[in-house]
Amino acid sequence: MIRAITPSDDTRALAAHLHFAPESGHIRLFDQRMLLMHADALAGLRRELVARLGLAPARELLMRMGWQQGFEDGQRVRQRMDARTPQAVAQALAMGPRLREIEGFVRHQPVEAMQLDVEHGRFWGDFLWHDSWEAQAHLAHCGPGSEPACWTVTGYADGYSTAVTGVPIHWREVECVATGHACCRVEGRTLADWQAHDAEADPGAYLRADSFVSAPDTTGAAAPGLAGFVGASAGFNAVAHLVRKVAPTDSTVLFRGESGVGKECFARALHGVSPRAAGPFIAVNCAAIPPDLVEAELFGVERGAYTGAERSRPGRFERAHGGTLFLDEVSSLALAAQGKLLRALQEREFERVGGTELRRVDVRIVAAANVDLREEVAAGRFRRDLFYRLNVFPIEIPPLRQRPEDIALLVAHFLARSSRRFGKTLQGLSPQAAGALHDYDWPGNVRELENMIERGVILADEGGVIEVQHLFAGGERLRGRIWRLGRGGALEQPPAPGPAEPPVDPRARRLVDQLLETLPSFDAIEQLLIDRALQRCEGNVSAAARLLQVGRGQMDYRLKKRADAAGAAPASAPAPQPPEDASSPLSR
């Protein structure tokens, strides 16, 4: 169903989620910390980036920063509104333009209402942007140019729309004040739609953390060895940066991360951008080699070395000569095998099993472990000297649950690839399915996501959408809650249980009874609590608020209300603010 969406007019409701706490040095929007920055200083930083890096790198960097901001806002709005139905998704999407206005970046004017068809993964939007701080800053520092300059604002729109809808969406600036137009203008479509209309366009290029990272590709194609290598989160970018830094060297690299985070994918990327790219990349799964065959697998065998060795064959070290040897799950090696590996790493020389000839190889070592090797060393299961030989340049890969910004991009890539593989045409994920992916903890990380999307493509009907029951058909649990079979045969989530009533201490009951008998009203009881909290905290309002487990704004509001009733405001109490949380005991 196509829905027409105009920006939300409920500015007051959005502003209610913005809180200032000068005493603690915090500004919070939707429970995330914000910074009130000087526009001129930020514009100056932008100018420095352009001058030092050049237009193209600065544009990609600032668009990624905007994308991260937008995704954070969109994710929190979606969670607050529980946007699992098409109507709720549309409402959350409508808040995006107004939210960016509250943050002071630009004023939106829709040329036409946004069109959203969540069920079929379709989106279209057309906006005029007035008073864009970024366009004005670019014009002041760089003068008129030939390319649009609202990079941060565009990236924000991409990230927010993607987080809310669960579908990668890109806004393209088609007119800009920095190029001589009266105002800026943007058009929004899904990444798939942009690529379908312009095969040479790469609207997601700025999401690449570095030159080896492939952007989301709806055709299913990817650079050799880099399939599925997409991401825009800070954690992903940090890993990509480290890989780029160490790639030109011959240093040993140790990847650490949970199973399924993409350690081998990063290892292949490292090899692909290194000077050894033309050489072989040999991967060894150390956990799959029986202990008595480790030496033969790594170093090779001479004919007649043991029963069944009918011919000589090279080991993995020899096969990787001139290239990279990847030792996956290196912690699985037995201690005896670790000692043999250590000498080969130190000297880059070895003998084949049953041989006497000393062989030397030119090979780069890249290892990976899904456990903490320091803990393994402390437990006596891993050699300390081998650990220090491998731990030259460690890189920690964060799990998928710590980088939810990457989920929508990975879903788009895996969906396109699986659809092509199975010859199916699908319209994407339903809002419920997209929301469920963000609610899941991902113990299997990226590999599990890829398998789940493949399962969904197989189960979904031709031309339809992937539903929750298509994805979570393997016994997965969402945040501790189990999906069940509904009356219509589809999986559904049981209603969330209400908050459990804590057991009441009999002493607390007696105390409440005494208060009710002694004090004349609820206001008097409330005031007694506030006064006692202030006494215990020696007049520190913030500390008293924490003691009562209420917001500082609530305390200020009640102190000011009491002062007004008494005819004199206390000097330390700021202007009254509405209560932050209506569920608090003091707000009832």
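**Buried charges and nonpolar cores in a predicted model**

Q: Why is arginine 276 called buried in this predicted model?
A: Arginine 276 has a relative accessible area of 8%, and because buried means under 20%, arginine 276 counts as buried.

Q: Why is the pairing of arginine 276 with aspartate 250 called a salt bridge?
A: The closest N and O atoms of arginine 276 and aspartate 250 are 2.9 Å apart, and because the cut-off for such a nitrogen and a carboxyl oxygen is within 4 Å, the pair qualifies as a salt bridge. Arginine 276 sits in the loop between helix 9 (263-272) and strand 10 (281-285), while aspartate 250 sits in the loop between helix 8 (234-246) and strand 9 (253-256), 26 residues apart.

Q: How do you know that arginine 46 and glutamate 134 form a salt bridge, and what does the pair tie together?
A: Their closest N and O atoms are 3.1 Å apart, which meets the requirement of within 4 Å, so a salt bridge is assigned. Arginine 46 belongs to helix 2 (residues 39-53) and glutamate 134 to helix 5 (residues 133-142), so the pair ties together parts that are 88 residues apart in sequence. Both arginine 46 and glutamate 134 are buried.

Q: Which residues have the most contacts inside the largest nonpolar core?
A: They are Leu99, Trp129 and Trp171, in a core of 43 residues, to which helix 4 (residues 86-102) gives the largest share, 7 residues.

Conventions
Residues are numbered from 1 along each chain as its sequence is written. This is a predicted model: local features need pLDDT of at least 70, side-chain atom pairs count only at pLDDT 80 or more; totals for chains, interfaces and linings use all residues. Side-chain values use heavy atoms; hydrogens and water are left out. A nonpolar core is a set of buried Ala, Val, Leu, Ile, Met, Phe, Trp, Tyr and Cys residues joined through side-chain atoms within 4.5 Å. Buried means under 20% relative accessible area, exposed over 50%, partly exposed in between (1.4 Å probe, protein chains only). Helices (H or I, at least four residues) and strands (E, at least two) are DSSP runs, numbered from the N terminus. A salt bridge is a side-chain nitrogen of Lys or Arg within 4 Å of a carboxyl oxygen of Asp or Glu.
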